[in-house]
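Here is a short briefing on one protein model and its two ligands. Look at the structure, then read on.

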Amino acid sequence: MAKIGEVVGSAAAIAKGMSITLKELFQPTITEAYPDGPARIEARFRGSHILQRDENGLEKCVACFLCAAACPANCIYIEAAENTAEERYSGSERYAKVYNIDYNRCIFCGYCVEACPTDAITHGHGFESASYNTSTLVMRKEQMLAPMPGSKIGPPVAAPRLPEGGGRPSQSNAPPAGAEPILPTGTHK
Ligand code: SF4
Ligand code: SF4
């Protein structure tokens, strides 16, 4: 009698296991095809930063240095400059002439975003920033600045950094034309 009970118990356990297998068989696949397909990013993912513009296209950053002060990794480098009547970049008196983030050191903690009084810096969803050359991981303002309002260009995504000849055609190690030279982190003007 005990043997029959064991057989029935085992059969029930197998049937239960197989029912789960059968049920999953008809569910849509959730396998990520990245890098052949786009990666699925959660809305709150903290990727590479975006320097935002206001509705008039002016840079929201007013070069107050609060983000740099809040950064525990000391990886934000800013040089402030005054706006003039002829050359206006932000809606305030000052703007960030140079704004670099050293992604060799950034830990994506989001403290800079929380510290910013003007919502000028936010996290985007860029994550393909691995590199064989660490000097390419210092992102300049020009690489992080949001496109002008109405522009059809999407938000900036930190350019993937691969050795010359490697990676997909869109990948580049070259700084954008007219970019400021990379300056050392840890000192603020
Ligand atoms: S995310 Fe954190 S570590 Fe990275 S720049 Fe901002 S404050 Fe610094
Ligand atoms: S990003 Fe924000 S906190 Fe940082 S300097 Fe600009 S305005 Fe200040």
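The shell around ligand 1 holds 12 nonpolar residues, one polar and no charged. Here Ala, Val, Leu, Ile, Met, Phe, Trp, Tyr, Cys and Pro count as nonpolar, Asp, Glu, Lys and Arg as charged, and the others, Gly among them, as polar. This is a predicted model: local features need pLDDT of at least 70, side-chain atom pairs count only at pLDDT 80 or more, and totals for chains, interfaces and linings use all residues. Residues are numbered from 1 along each chain as its sequence is written, while chains are lettered from A and ligands numbered from 1 in the order in which they are written.

**Ligand shells**
- Ligand 1 is surrounded by 13 residues, each with its C-beta atom, placed from the backbone, within 6 Å of the ligand.
- The closest are Cys 71, Cys 106, Cys 109, Tyr 111 and Cys 112.
- Ligand 2 has 14 residues around it, and the closest are Cys 61, Cys 64, Leu 66, Cys 67 and Cys 116.

**Cys 109**
- Cys 109 sits in the loop between strand 3 (94–102) and helix 3 (111–115).
- Cys 109 counts as partly exposed because it has 13 C-beta neighbours inside 10 Å; buried takes 20 or more, exposed 12 or fewer, with C-beta atoms placed from the backbone.
- His 123 is 14 residues from Cys 109 in sequence, and their C-alpha atoms are 9.9 Å apart.

**Overall fold**
- The protein has four helices and five strands; these are DSSP runs, helices being H or I of at least four residues and strands E of at least two, numbered from the N terminus.
- Their order along the sequence is α-β-α-β-β-α-β-β-α.
- Of the 189 residues, 23% count as buried.
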